[in-house]
Amino acid sequence: LKGNKMAAGNATTIRSGLHHLAEIVHHANPLTPAASAVYKNTLVPKFTQGIEKKIFFIRHGQSESNIARMAKDPKVDTDIRFLDAKLSDHGKKQAAALNALVESWGVELVVTSPLTRAIQTACLAFGKTKVPIRADPLVTEYFGHLVECRGREVDLIRAEEHLLALPKFTDVCLQNVSSKWWENCDDLSRPDRFLSKIGHLSHKTLSVVSHYGTINMFAMHEPSLEVLTTHAFPFPTFGNCDVLETTWLLQPPH
């Protein structure tokens, strides 16, 4: 993608036989959803052969818990009001503002976190496309001790009024969302398990709608508990509705 180069955070990852190139291609303006900067960091591939998968990671739009956290609400981590936090009005505008951008990617499949704010973002961003959307717990958020990162059972997701109001929600497949799916959200193996899973798919270009911690963990050379607890992430300022374009080369087993 062409655009203004605004950041230079190299994020080369070799993990489980996968080579990863990461580059931020869309940085959402936190105040004006329609205004954004585009920037790119070019890396040289280590591998020259393999099954190429391009993944556009999108962080969900601004949520109600994001607002509370910015306001330093002392109850944001525990108050039941923020359970499975929804998008704010501004977050909905941020997600909808991605319409034109996502249409240019040629995405064949969207995978979203089962948390409501992520499903909302996926439905709004891809609402003008015919691309199918699948919810998968492997791309939900870490930080299971926070109430905003705790999920809900599938029947409650299906009945959620904020989702039923979105026409694209009828395209969301919840088949992979099992009972109490959020209880293993802090499993450090999730990124590798997800990459292994999509390696068997025929789709070459995907989008993953996820969260700050999870997207950063995908970009890590070695995901670790220390990284989670210290927030020593490669993209510490990755904002709501920012986009990270990644290219993965899946190497055949030796």
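Predicted model: local features only at pLDDT ≥ 70, side-chain atom pairs only at ≥ 80, totals over all residues.
Residues are numbered from 1 along each chain as its sequence is written. Local features need pLDDT of at least 70 and side-chain atom pairs count only at pLDDT 80 or more, whereas totals for chains, interfaces and linings use all residues; side-chain values use heavy atoms, with hydrogens and water left out.

Helices and strands are DSSP runs numbered from the N terminus (helices: H or I, at least four residues; strands: E, at least two). Helix α2 spans residues 89-96. Its buried residues (under 20% relative accessible area, 1.4 Å probe, protein chains only) are H90, G91, Q94 and A95. They fall within an arc of 140 degrees seen down the axis of α2, so they line one face of the helix. The arc is taken over directions from the helix axis to the C-beta atoms. D89 and K93 are exposed (over 50%) and sit on the face turned away from the buried side. The cover over the buried residues of α2 includes α3 (99-103) and α4 (116-125).

Q120 lies in helix α4. Its relative accessible area is 1%, so Q120 is buried. Contact means heavy atoms within 4.5 Å. Leaving aside residues up to four places away in sequence, Q120 touches K86, L87, K92, H162, L163 and L166.

In strand β8 (residues 205-210), 6 of 6 residues are buried. T205, S207 and V209 cover one side, and L206, V208 and S210 the other. Strands pair if DSSP finds at least two bridges between them. Strand β4 (residues 51-59) runs parallel to β8, joined by 6 bridges. There, K54 has T205 as its bridge partner. Strand β5 (residues 109-112) also pairs with β8 in the parallel sense, over 4 bridges. V111 stands opposite V208.
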